[in-house]
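Please keep the sequence and the model open while reading.

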Amino acid sequence: MSRLIHTWFAIPATLFIILIALSGSILSWEILNEAATAPKLNLGQTSLATLTDKVKQNYPGAEQLTRTQNGLFLVSYSNDQGYGEDQIDPVTGLKVQAHQRSDLYNWMKSFHRSMQMGDAGRMLVAVVAFALLALSISGLLLMVRRLGGIKHFFKLAKGSTSQKLHIELSRFALVGSLVLTATALYLSATTFSLLPEANSVELDYPEPAFVALPSLVPSSLEPSFLENRGNAQVLPISHLPALKEVDASELVSLEFPYADDPSSVYTLETQFGLGYIHPETGLWLDFQPHSSFYQVSKFISALHTGEGMGLWALFIGLTSLTLPIIGITGIIIWMRKRINSKAFGQADSLNLQNYVPAQEANIVILAGSEGLSTWRFAQEFSQALITAGNKVHLNKMNQVEGQYANATHVFFMTSTYGEGQAPSSASLFLEKAKDLSLPDGCQVNVLGFGDRQFTHFVGFAKQIEALVAKKGFKQMLPLTAIDKFCQTSLETWIENVSTCLNQSLCLKLDKKKVSQFQMQLVEQSHYGDEVNAPVRILRFKAGAQPESVLNPAIDEAFALTPDMSWPAFEVGDLVGIMPPGSDFVRYYSLASCDQDGMLEICVRKQVEGECSGFLHGLKEGDSIQAFIQKKASFRPAQDASSVIMIGAGTGMAPLQGFIKQNEKQVPYYLYWGGRLQNSDFIYEDNLSQALATSRLKQLRLAFSRSAKPQYVQNLLTDDAKDISKRILDGAQIMVCGSKVMADGVRTSLDKILKQEQLSVSELEQAGRYVQDVY
């Protein structure tokens with residue numbers, strides 16, 4: 001949600017944020033300039049009475065004396081030439097320079113407040129301020145998540161230049177942007193009377209008769225201090241008591257009495273309040289302190305402008321300068337992600353053609369898929385239901401809704417990721433489905449896809465079944481587990497569903513025969529005996545008299561015709577071997593193709609490994625039965641700019657086979673891990689030749705039992721920058737080896753790709769990440 005909010009507000013608001021931020025930074029620098037040139041007047045250095053007397057001597061026509069929040073003392077006056085305003089020295093009362101805001105400053109101030117569009121512009125500025133506030137908050141949440149938690153908030157950012165700039169500058173500007181936007185919204189609310197505006201106190205102007213009384217002159221004063229004015233003796237300005245008790249540094253504004261109006265008085269506003277002073281006696285006629293609300297409002301305004309707060313003004317000025325850079329880098333990151341998404345073939349949304357909205361459907365199908373296999377089957381199944389006359393709604397499990405008003409059947413189809421976790425498109429399902437309610441009589445079915453070789457086979461599907469049972473939903477069929485998309489199992493499930501629905505469902509599932517053939521061992525190479533992990537590279541020739549049999553446990557197998565003695569196969573396909581006395585098939589990745597004239601596999605002997613022990617025990621000339629299972633999903637992509645191959649142990653076999661076939665010299669980068677270089681560096685000669693003929697661009701090796709132990713994950717981390725660049729340029733990643741190794745590689749790559757706002761799952765869905773894991 002944070003990412004969506006961040007994107008929704010950023011895209012339309014970035015241009016306005018940049019404009020307002022730039023104008024704000026110009027205003028900030030003007031304020032900083034004022035603060036830098038303002039005189040340093042200490043508390044107690046001079047009284048307002050002394051300063052006022054000097055001002056009157058230098059400016060007989062003075063009408064108002066003002067001290068700005070930045071500390072400039074200004075006098076407004078009139079003379080024969082007209083009206084003027086000067087900056088003065090508060091100690092001497094002499095002119096420093098004429099004071100006049102530049103036209104640029106005045107234009108920028110108006111633009112910053114309303115974009116030169118009046119009230120409509122003020123409203124637009126308020127909306128932009130709200131957008132920036134939302135961006136700041138959502139950006140904070142995203143930053144904390146990206147950096148690994150609040151405790152890592154100050155950790156240096158990683159990634160591309162634009163990402164580093166975006167994160168580091170956002171971290172610097174976070175406090176400033178939060179304050180600026182919050183204060184801007186407050187000021188906008190007072191402008192439009194949504195909040196009360198804080199004004200200075202209102203005082204009744206003194207009655208003229210009261211003002212003119214000469215008896216207000218204190219009788220205790222020495223006659224030498226008095227001046228004669230008409231028939232009365234009055235005090236000089238420098239000795240007016242009320243002005244003497246006010247320090248010049250506390251001044252806000254002082255309005256002088258009109259010379260030709262005997263009823264006028266001094267109007268004095270200080271930092272603490274507002275009052276009137278008798279012009280002849282200097283006594284207070286009235287004084288009211290400012291309210292707390294007024295003081296807080298002035299402080300909020302000062303926080304927004306920086307006036308009177310030198311260091312803070314510098315900080316918000318720098319913040320305003322960084323906001324355009326943050327906005328531009330954010331757009332770059334967003335555009336790069338969009339480009340990457342298109343490059344990797346990601347669709348912006350699901351293809352929901354022929355589907356109906358959730359609340360209109362009688363059959364709802366929710367699919368959880370890490371790759372595309374489960375999703376594709378869900379689409380095929382949905383189309384079969386639509387053909388049978390049903391109203392079907394298909395969506396990802398993360399998009400589960402609270403209810404499905406017209407649903408009679410709901411299907412949950414999901415694969416399992418890692419150690420029983422949800423696939424990426426179902427990661428939110430269990431939490432969101434707690435609020436799921438279904439109509440009475442609605443039947444639910446859970447279908448799980450996986451591989452029985454893994455410990456947590458259909459583990460996430462089992463969690464869904466437990467949720468279904470807990471909520472008391474009626475189950476149409478028990479949980480059905482499909483091993484490696486076994487077609488026989490799928491056909492049985494489809495027949496059961498057809499019976500329950502009383503509908504004939506036709507899915508395009510290809511029925512294929514598995515044809516065994518005989519092959520003879522002609523050559524073998526030995527590795528790994530020194531480290532007690534024997535590895536054999538076994539090379540077979542075709543035998544005679546192939547025997548065709550139906551193996552219902554295999555899907556996607558190659559169908560051998562009776563007149564063929566040697567099936568067609570490619571590097572990366574699987575060969576199925578059933579050792580004598582066993583009813584369980586083992587699969588090995590092929591390191592050769594049929595055009596090589598031999599079938600080559602690489603086998604590590606496992607502890608108590610029935611099939612690996614059988615194969616290691618073969619002697620040259622021995623013959624065995626086998627069959628081919630096609631694996632078209634594990635191939636180098638034809639349009640890949642380069643291929644990053646990652647393997648360990650016997651996972652090298654198909655990878656080196658692909659390298660051997662790389663006649664076009666596409667840049668192939670191989671990362672491989674073994675135990676000891678001098679004992680189990682399989683295919684060393686082949687790889688050396690590939691490097692020499694440019695069929696392999698780079699070879700990176702990691703040995704876990706060397707003097708400096710390393711794993712392929714360490715190599716990936718070391719080359720993170722190069723790997724990121726290759727992926728962004730359109731590289732494909734191929735992983736082959738044990739599940740433990742593959743999980744470690746996936747974790748390392750996810751950390752690397754995170755800096756580019758990508759993930760292994762995204763690459764996998766786009767066909768840019770393929771693996772052959774055992």
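A salt bridge here is a side-chain nitrogen of Lys or Arg within 4 Å of a carboxyl oxygen of Asp or Glu. By this rule the count comes to 12 salt bridges. The model is predicted, so local features need pLDDT of at least 70 and side-chain atom pairs count only at pLDDT 80 or more, while totals for chains, interfaces and linings use all residues. Residues are numbered from 1 along each chain as its sequence is written, and side-chain values use heavy atoms, with hydrogens and water left out.

**Salt bridges**

- Arg635 and Glu570 form a salt bridge through their side chains, at 3.2 Å from N to O.
- Arg635 lies in the loop between β23 (623-629) and β24, and Glu570 in the loop between β19 (547-548) and β20 (574-577), so the pair ties together parts that are 65 residues apart in sequence. Strands (E, at least two residues) and helices (H or I, at least four) are DSSP runs, numbered from the N terminus.
- Arg635 is buried at 16% relative accessible area, whereas Glu570 is partly exposed at 38%. Buried means under 20%, exposed over 50%, and partly exposed in between (1.4 Å probe, protein chains only).
- Salt bridges that share partners join Glu523, Arg539 and Glu600 into one network.
- Within it, the side chains of Arg539 and Glu523 meet at 3.3 Å, N to O. Arg539 is in strand β18 (residues 535-542) and Glu523 in strand β17 (residues 515-527), 16 residues apart.
- Arg539 counts as buried at 12% relative accessibility, and Glu523 is partly exposed at 36%.
- Arg536 pairs with Asp529 in a salt bridge whose closest N and O atoms are 3.6 Å apart. Arg536 is buried at 10%, while Asp529 is partly exposed at 38%.

**Sheet**

- Five strands form an open sheet in the order β26-β25-β24-β27-β28, with parallel pairing. Its edge strands, β26 (698-703) and β28 (769-773), each pair on one side only.
- Strands pair if DSSP finds at least two bridges between them; β24 (residues 643-648) and β27 (residues 732-737) pair over five bridges.
- Ile646 stands opposite Val735 in β27.

**Nonpolar patch**

- Leu22, Trp29, Phe172, Leu311, Leu314, Leu318 and Leu321 make a nonpolar surface patch of about 600 Å². Elements giving two or more residues to this patch are α1 (2-37) and α9 (310-343).
- Patch residues have over 30% relative accessible area and no salt bridge; like charges are joined within 9 Å, and nonpolar side chains (Val, Leu, Ile, Met, Phe, Trp, Tyr) within 5 Å. Accessible areas come from the Shrake-Rupley method with a 1.4 Å probe, and for residues only the protein chains shown count as cover.
- Helix α9 gives the most to the patch, with four residues.
- Trp29, in helix α1, is partly exposed at 33%.
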